[in-house]
Amino acid sequence: MENIINNLKMKFNKLVFRFLNRTKTPMRQFRVKIETRCLVLAPFIGAESLALGGLIAQYPKNFEVLAFTNGSSMVKNVSRIESSNIKKEQFFNVMKHARVKGYKVFDINSGELKGEYKKISKIDISEADFIFIPNPFDSNPDTIALLEHFKKILKTKEHKKTLQILMYESDCPLTYTDYYADITNISSAKKQMLEIYFGNDEKLISGIFGLNRFRAINKNAQYCEGFAGFFVQDFLKLPLI
């Protein structure tokens, strides 16, 4: 099994490298116009803020955030219902704090996303210019389930011909990035979002900002969020772990 996973990772990385270099363009700063519509698909509550909280806080009117599991196993030493209620309240507070235009939590328990394609398939992607998705190498099993469902949705539902898919990094850093968002001036807002979710977990929060600082190397910025961008036809060719 380990050899199979390693082979898939190698194949995935080779394809990503080929797609990112095929256009022969330098690292690009992600910019949002007034009419740009961005959709974030999060496998668990909080993934959106870990990965692109700064970008969301910078352009809240341009973003819709969908959390596909309800956090039922994210809080220790409480019942699944209590855990879900706590995480959903945190999510709503974060979205309100950032003034995000649209957001929703699906009533799907943590770890059960794989069998819920019927619910997931109802999402509307027809007006999105960019759809943000998690890195397939994230350690969360709901991530792979979400990406498998998303591939089916792309094949069957209407979307813009110019749609781009941007992978983000929440649980696991990306091997390659070709987009970045300068969040230097909005980093305090991202920190506040993370504190609502993770309280005084300074190790986690400092780790995220360490990654953001790393993504800012060789850029005129202190903190950046990184992404790997794909056109739909290229994304559909990627193997999933």
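This report describes the sheet, the salt bridges and the charged surface patches of a predicted model.

**Sheet**

Eight strands make up an open sheet with mixed pairing, and their order is E1-E7-E8-E6-E5-E2-E3-E4. The edges are taken by strand E1 (28-29) and strand E4 (102-105); each has a single partner strand, so one side of each is left without a neighbour in the sheet.

Strand E5 covers residues 130-134. On one side, E5 is joined in parallel to strand E2 (residues 38-42) by three bridges, and Cys-38 stands opposite Phe-130 of E5. E5 also runs parallel to E6, with five bridges between the two strands. In that pairing, Ile-133 has Met-167 of E6 as its bridge partner.

E6 in turn pairs with strand E8 (residues 224-231), here in the antiparallel sense and over four bridges. Gln-164 has Phe-231 in E8 as its bridge partner.

How many of the five residues of E5 are buried? The count is five of five, and the strand is mostly covered. In a regular strand, side chains alternate between the two faces of the sheet. In E5, Phe-130, Phe-132 and Pro-134 lie on one side and Ile-131 and Ile-133 on the other; all are buried, and both faces of the strand are therefore covered.

**Salt bridges**

The model has six salt bridges.

| Pair | N to O distance | Relative accessible area |
|---|---|---|
| Arg-28 and Asp-178 | 2.8 Å | Arg-28 27%, Asp-178 7% |
| Asp-129 and Lys-160 | 2.8 Å | Asp-129 17%, Lys-160 27% |
| Arg-215 and Glu-169 | 2.8 Å | Arg-215 12%, Glu-169 3% |

Arg-28 forms a salt bridge with Asp-178. Arg-28 belongs to strand E1, while Asp-178 sits in the loop between E6 and strand E7 (179-182), so the pair ties together parts that are 150 residues apart in sequence. Arg-28 is partly exposed, whereas Asp-178 is buried.

The side chains of Asp-129 and Lys-160 meet in another salt bridge. Asp-129 is in the loop between H4 and E5, and Lys-160 is in the loop between H5 and E6, so this pair connects parts 31 residues apart in sequence. Asp-129 is buried because its relative accessible area of 17% is under the 20% cut-off. Lys-160, at 27%, counts as partly exposed.

Arg-215 and Glu-169 also meet through their side chains in a salt bridge. Arg-215 lies in helix H7 (residues 202-215) and Glu-169 in the loop between E6 and E7, so the pair ties together parts that are 46 residues apart in sequence. Arg-215 is buried, and Glu-169 is buried as well.

**Charged patches**

Which residues gather in a patch of negative charge on the surface? They are Glu-64, Asp-124, Glu-127 and Glu-158. Glu-158 lies in the loop between helix H5 (141-156) and strand E6 (164-168). Its relative accessibility is 66%, so Glu-158 counts as exposed.

A patch of positive charge on the surface is formed by Lys-104, Lys-118, Lys-119 and Lys-122. Lys-118 is part of helix H4 (residues 117-120). At 67% relative accessibility, Lys-118 counts as exposed.

Methods. Residues numbered from 1 in each chain as written. Predicted model: local features only at pLDDT ≥ 70, side-chain atom pairs only at ≥ 80, totals over all residues. Heavy atoms only, no water. Patch = residues over 30% accessible without salt bridge, like charges linked within 9 Å, V, L, I, M, F, W, Y side chains within 5 Å. Areas by Shrake-Rupley, 256 points an atom, 1.4 Å probe, with all protein chains shown as cover. Salt bridge = Lys/Arg side-chain N within 4 Å of Asp/Glu carboxyl O. Lys, Arg positive; Asp, Glu negative; His and termini not counted. Charge placed at Lys NZ, Arg CZ, Asp CG, Glu CD. Buried < 20%, exposed > 50% of the residue type's maximum accessible area, 1.4 Å probe, protein only. Pairing = 2+ DSSP bridges.
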